[in-house]
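I opened this notebook to record what I looked up in one protein model. The entries run from the overall fold to single residues.

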Amino acid sequence: MTRQFSRRSMLKATGIGIGAGATALATPTALATPADAAGAPLAHPGLLHTRADLDRMAAKVKAGARPYAAGFAKLTANRHAQSGWRPNPQAVVYRGSGTPENYRILYNDIHAAYQNALRYHVTGEEAHADTAVAILNAWSGKLTGLEGSADRFLAAGLYGYQFANAAELVREHGDFDLGRARELMRNVFHPLSDDFLTRHNNAVVTNYWPNWDLTAIACVLATGIFCDERALVERAVEYFKHGDGMGSVKHAIPVVHEDGLGEWVEAGRDQGHALLGVGLMGTVCEMAWNQGIDLYGYDDSRFLKGAQYVAKWSLGGDVPYTANTRRKGAIGGWSGSETASGVAGVDPSMTRPVWAMIANHYTKRRGLPASYLTRAAAKAAPEGGGGDYGPNSGGFDQLGFGTLAFTRDRVEAAAEAPSPSGAASDARGARPHASATPVPGDDLAATGFGDAVGWAAAAGVGAVAGGLLLLRRRGWGG
């Protein structure tokens, strides 16, 4: 099984001929380390998956390790993950009532591209990479616009971030038209998403629930990373932290209760949209993390508190809710308001593939207790992807397959933690956000090296010294 694209394809991707004087490309390092200097290159692959992630999936599946093998079986059983998939590109995609909707064609093709690309990275079977490339090239060569009702903004955000993630996995393939894919992101998906964050479809800023902003943030961030435009990355990060709309973290999670749960405002709407919002915020945090930017830990890990709240509620638990009144209407036009006075009803059987990524970050990378996230992830495992959760758009809002892609061993996690400067750091120097400190009474010997670093930082012990102390406790050092 080969773990890289063929030498022919890799050489073609760089324009190097395969003559007598041609030399092989260097093998990529296990972890791409993003630079923190303004204007410096961004890390690739560096959206939802890094090179280390892809190598881990391949190694674990090859070894038959649980739960990776079950996650991979879920992937191979999906009809979108087959190399025989043929794309059906459209010049204009429509989403929204009153339009000749055809957006289902787009999201089915994007998920087929992503699933085939992921399957390639696990198995090395180039037929899957070729299929992903054919799908993405077909769309970048034909799609010129997204139209419809306000839902066109959802189409831009959701399918924009997903297209970029699928394309990121095959960006080195010799037949992939990277330049054209970048133009599609810049000219079709990104403009609508950026405009929504700026003008909110000419509505008052609270007219739209958090998931609308979050789709746009995800697309702007994915465009910035995929197209190597740091200004777009910074735009998305700034909006996540301080944006006026309901999708910024302090508006999506406006109240933190004494029990540590952060009230997810969209829980006052319905369960499906709350799950969508949590999944999107997790997607934004993961893509930023892979560029050395810690949004997971921002504001004392506020997202953890919100995700725990939604997980507990979705599992059927009781959660508090503060009545929320939001203004609605168009700027210079109609106006009104809407009040959510309590949490909506839940169906504990409802699930979406959103939990594994979030649970693994907080419990495996950071060593934090997150019992509701852990329970939700276990209940959803093995997570599937588009096509496994029904034929409608809600079943395709997340790329999924988190059991395969995001299950982690604690030992490996410290090497991935961003340093205080924002750049990725190696295990010896990594210092997670202060909130990553294990709670008193946690068995440090049961945690990994990354957890020891967080503990040492909080205790005033140097990261290296703390790590060595824990390694000795585990019998790994002198």
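The entries below concern a predicted model.

**Overall.** I first listed the secondary structure and found 18 helices and six strands. I then checked burial: of the 478 residues, 56% count as buried.

**Helix H6.** I took up H6, residues 151-168, next. Its 18 residues reach 26 Å from the first C-alpha to the last, close to the 26 Å expected at 1.5 Å a residue. I recorded H6 as mostly covered, with 16 of its 18 residues buried.

**Helix H14.** Which residues of helix H14 (residues 371-380) are buried? I found Leu373, Ala376, Ala377 and Ala380. They lie on the same side of H14, because they cover an arc of only 100° around the axis. I then asked what the buried residues of H14 pack against. Their partners are helix H12 (298-314) and helix H13 (355-365).

**Leu373.** I listed the contacts of leucine 373, leaving aside neighbours within four places in sequence. The list comprises Leu304, Ala307, Gln308, Ala311, Trp355, Ile358, Ala359 and Tyr362.

**Core.** Finally, I examined the largest nonpolar core, which has 124 residues. Leu373 is among those with the most contacts inside this core, together with Phe163, Phe189, Trp264, Met281, Phe303 and Trp355. I note for context that nonpolar side chains tend to be buried together in soluble globular proteins.

Key
Residues numbered from 1 in each chain as written. Predicted model: local features only at pLDDT ≥ 70, side-chain atom pairs only at ≥ 80, totals over all residues. Heavy atoms only, no water. Helix = DSSP H or I, 4+ residues; strand = E, 2+ residues; numbered from the N terminus. Buried < 20%, exposed > 50% of the residue type's maximum accessible area, 1.4 Å probe, protein only. Expected span 1.5 Å × (residues − 1). Arc of directions from axis to C-beta. Contact = heavy atoms within 4.5 Å. Core = buried A, V, L, I, M, F, W, Y, C linked by side-chain atoms within 4.5 Å.
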